[in-house]
Amino acid sequence: MRHGILTINAGSSSIKFALFDTAGGLAKRPALSGQIDGLGAEVSLKARDEDGAHLPELSLAPGIDHEDALAALLRWLPQAEGGEGHWQIVAVGHRVVHGGEVCTQPARVTPELLTALEAFCPLAPLHQPHNLAGVRALAALMPEARQVVCFDTAFHSQQAAVARDFGLPRALTDSGVKRYGFHGISYEFIARRLPQYTTRAEGRVVVAHLGNGASLCALQAGQSVATTMGFTVLDGLVMGTRTGNIDPGVILYLLGSRGLDAAALTHLLYHESGLLGVSGISQDMRTLLASEHPAASEAIELFCYRAIREIGSLAAALGGIDALVFCGGIGEHAGEIRRRIVEGCAWLGATLDADRNRRAATRISTAESHVEVLIIPTDEEWMIACHTAELLGMRV
């Protein structure tokens, strides 16, 4: 019998999962990891073993919801490695995007907590409802397993008020209208692992989490000082389908002069903008980099330009910069994007080693660079499993 912690990241049409062995302490890599795709349509389960080898893909019943998909996952796990031993899941750790001011630390799941977290669904409509659906589904399917929720906002909760406040009437700020920041689980993992990669971990570090959702975070001594996302996940960088930073006057104009209602505006900002909207081709950076269409080039240029500008902003918040770290799907795999961004930060003293960047080495800056530039793969699943184990008094 193998004991493990299961991590769940439930989205609208997919569920990411990972299973970590807890024998002798929490394993550094998952024994199994993968994703259930196509919820509500053609559903499939794809997984990899501990060595990263792909396991046979499994087709699930079409049209199933989160609870049915998670039930299928639990039935599949005991046979996942050719019947090599049965798994007993002792705890489940869930990613939840928004904890607001209520949750600034990982927490055990209770009915009262879930009710409180429902209030944040309007602030993260792409994520929060589906995160909570996954929590409820696993709690119903595995009532004996302990459930823990980890929050993307928590890592930023200790920022100074000046970094979190908008220029709004105090009553609105006091009611919770402020900058929360997101991708905190990823940034916390990078902050925890950074000393293994550089002697500058306690210094002034900007981390670029670049993917379909993208943001930057300024770290000082491993703590979040400022970040580009704000009240919602719309703020900051240009993303796959999200606008990033936008003049509030544009919103007023679209509501008033262009006749968009709140629902249409929400769809525009979350689903039709960003790389997809600018290019008119795709939200996938790989597709855009392979395209010769001028609109694809414009979308890429805007993505990099906004990242360069925001790195400058965070360097100002830190009073300088000692290291720049890339993570996330684009940050870890798109060498051309890294090249453009680092070259745009030459004024900060960053110098790219072109060969190391092509090879995606851990350090991609030259020996003479004043800013150390690194690629560190993030691991939100391990961070969730770690928090779950620590909260429940298990050895890590």
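## Two loop alanines

Helices (H or I, at least four residues) and strands (E, at least two) are DSSP runs, numbered from the N terminus. In this predicted model, Ala221 lies in the loop between strand 10 (215-220) and strand 11 (223-227), and its phi is near 55 degrees, a positive value in a residue other than glycine. Ala221 counts as partly exposed because its relative accessibility is 35%.

Ala360 is found in the loop that runs between helix 14 and strand 13; although Ala360 is not a glycine, it has a positive phi of about 55 degrees. With a relative accessibility of 37%, Ala360 counts as partly exposed.

## Packing of helix 1 against helix 3

Helix 1 (residues 66-76) packs against helix 3 (residues 128-141) at an angle of about 50 degrees, and their axes are 9 Å apart. That angle makes helix 1 oblique to helix 3, and the crossing of the two helices is right-handed.

On the side of helix 1, the contact is made by His66, Glu67, Leu70, Ala71 and Leu74, which meet His130, Ala133, Gly134, Ala137, Leu138, Ala140 and Leu141 of helix 3. The residues of this contact divide into eight nonpolar, three polar and one charged.

## The buried face of helix 13

In helix 13 (residues 335-344), the buried residues are Gly335, Ile337, Arg338, Ile341 and Val342. Seen down the helix axis, these buried residues fall within an arc of 155 degrees, so they line one face of helix 13.

The buried residues of helix 13 pack against several elements, among them helix 10 (285-290), helix 11 (294-318) and strand 12 (323-327). Helix 12 (328-333), helix 14 (354-358) and strand 13 (372-375) are also packed against by these residues.

Conventions
Residues are numbered from 1 along each chain as its sequence is written. This is a predicted model: local features need pLDDT of at least 70, side-chain atom pairs count only at pLDDT 80 or more; totals for chains, interfaces and linings use all residues. Side-chain values use heavy atoms; hydrogens and water are left out. Buried means under 20% relative accessible area, exposed over 50%, partly exposed in between (1.4 Å probe, protein chains only). The arc is that of the directions from the helix axis to the C-beta atoms. Contact means heavy atoms within 4.5 Å. Axes are lines fitted to C-alpha atoms, for helices over the stretch in contact, and angles run from 0 to 180 degrees between N-to-C directions. Angles under 35 degrees count as roughly parallel, over 145 as roughly antiparallel, 65 to 115 as roughly perpendicular and the rest as oblique. A crossing is left-handed if the near helix is turned anticlockwise from the far one by less than a right angle, and right-handed if clockwise. Ala, Val, Leu, Ile, Met, Phe, Trp, Tyr, Cys and Pro count as nonpolar, Asp, Glu, Lys and Arg as charged, and the others, Gly among them, as polar.
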